[in-house]
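Okay, thanks everyone, let me get the model up on the screen. I'll just talk over it for a few minutes.

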Amino acid sequence: MKLYPLQFEPILKERIWGGEKLKTLLHKPITSNITGESWELSTVEGDVSIVANGELKGKSLTELINSFPDEILGTAVHTRFGKQFPLLFKYLDAREDLSIQVHPNDELAKKRHNSFGKTEMWYIMQADDNARIIVGFKENSNAEEYLENLENKSLLSILDDVKVKSGDVFFLETGTVHAIGAGLVVAEIQQTSDITYRLYDFDRVDANGNTRELHVDLALEAINYNKVETKKSYTTNSNQSNTVVDCPYFTTNFIPLDGAISVSKSGESFTVYMCVEGSFEIEYNHSKIQYTKGDTVLIPAAMNAFILNGKASILEIYIS
């Protein structure tokens, strides 16, 4: 099988806090005005991505990995994770604040849910005026102070909120209490996990008058009560891979593309490109494929040499 750059059908998720920017800004085929998430690359059970282009159209990502693990995942990723795709890629549109939540680490997630933990990063693609996120505690805290403020509905008073703009990046280790604020479109890269403990949901109700489930007890052991630094600074040198996040779970680089660059890969890991601004093409095996803002493409590990060409801001993700 000759592999090629793979795109997948977006898996669209309605959320109580969602809106319509995934359509207006990123051209996703949403049919609801409360669409909060587009899952771009996923092997989460029940939400496995399906190839949208080329000879492999209609095949699932899981099928491809089972058939060609080294070629898709890469030799090192296959050795480390088996035939599991270890990351999940999303775009999110927050018309309203998301719930305040936390994700467990690998050890706790494995023990309770037989799952990976959920280390993640956010790249802010678009921000309304005065948009903000909630990340961690203002000062070192503890379970007693947290529970007291949760009970008194004053939790926001001890949590840190940060005004954001497009291009900002935040890296959230497991245990960091967080919420994406209203008025933001975000590219999210995370471990393959759908384990979220919801702490507070602003007393919202859905269309049927129901509140969403909270997970206060489960969260107690998962929370890091210390003040954390989450914002990442990074260089923006043109036509280069500028490192933004380098952690055990993934490496993310920022490429300000202006023209053409040749890319060489070792075959040890797949690469994912998320186009967060502009447009570009990938030239490979005498063919060219076009991408624009909001597109996500999986480069199988067996594709070890190709050309990026265009004028775009691109996130480049792999496992090192």
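Predicted model: local features only at pLDDT ≥ 70, side-chain atom pairs only at ≥ 80, totals over all residues.

Residues are numbered from 1 along each chain as its sequence is written, and side-chain values use heavy atoms, with hydrogens and water left out.

Let's start with helix α6, residues 143-151. Helices here are DSSP runs of H or I, at least four residues, and strands are runs of E, at least two, numbered from the N terminus. Which residues of α6 are buried? Tyr 146, Asn 149 and Leu 150, where buried means under 20% relative accessible area, exposed over 50%, and partly exposed in between, with a 1.4 Å probe and protein chains only. Those three sit on the same side of α6, because they cover an arc of only 105° around the axis, taken from the directions from the helix axis to the C-beta atoms. On the other side you've got Glu 144, Glu 148 and Glu 151, exposed. The cover over the buried residues includes β8, β13 and α7. At the N-terminal end, Asn 142 is the cap, with a side-chain oxygen 3.1 Å from the backbone nitrogen of Glu 144. After the helix comes Lys 153, with a positive phi, near 60°.

Now the strands. β16 and β20 pair antiparallel over 14 bridges; pairing needs at least two DSSP bridges. Phe 254 stands opposite Leu 315 there. β20 is also joined to β17, antiparallel, by 12 bridges, and Val 272 faces Ile 317.

Next, Thr 35 in β2. Thr 35 is buried, at 2% relative accessible area. A polar atom of its side chain lies 3.1 Å from the backbone oxygen of Ser 32.

Last, salt bridges: a side-chain nitrogen of Lys or Arg within 4 Å of a carboxyl oxygen of Asp or Glu. The count comes to 21. One of them is Asp 128 with Lys 21, at 3.1 Å, N to O. That pair links the loop between β7 and β8 to helix α1, 107 residues apart. Another is Glu 277 with Lys 293, at 3.2 Å. Glu 277 is partly exposed at 40%, whereas Lys 293 is buried at 17%.

How values were computed. Contact = heavy atoms within 4.5 Å. Polar contact = N/O pair within 3.5 Å; in protein donor to acceptor, adjacent residues only side chain to side chain.
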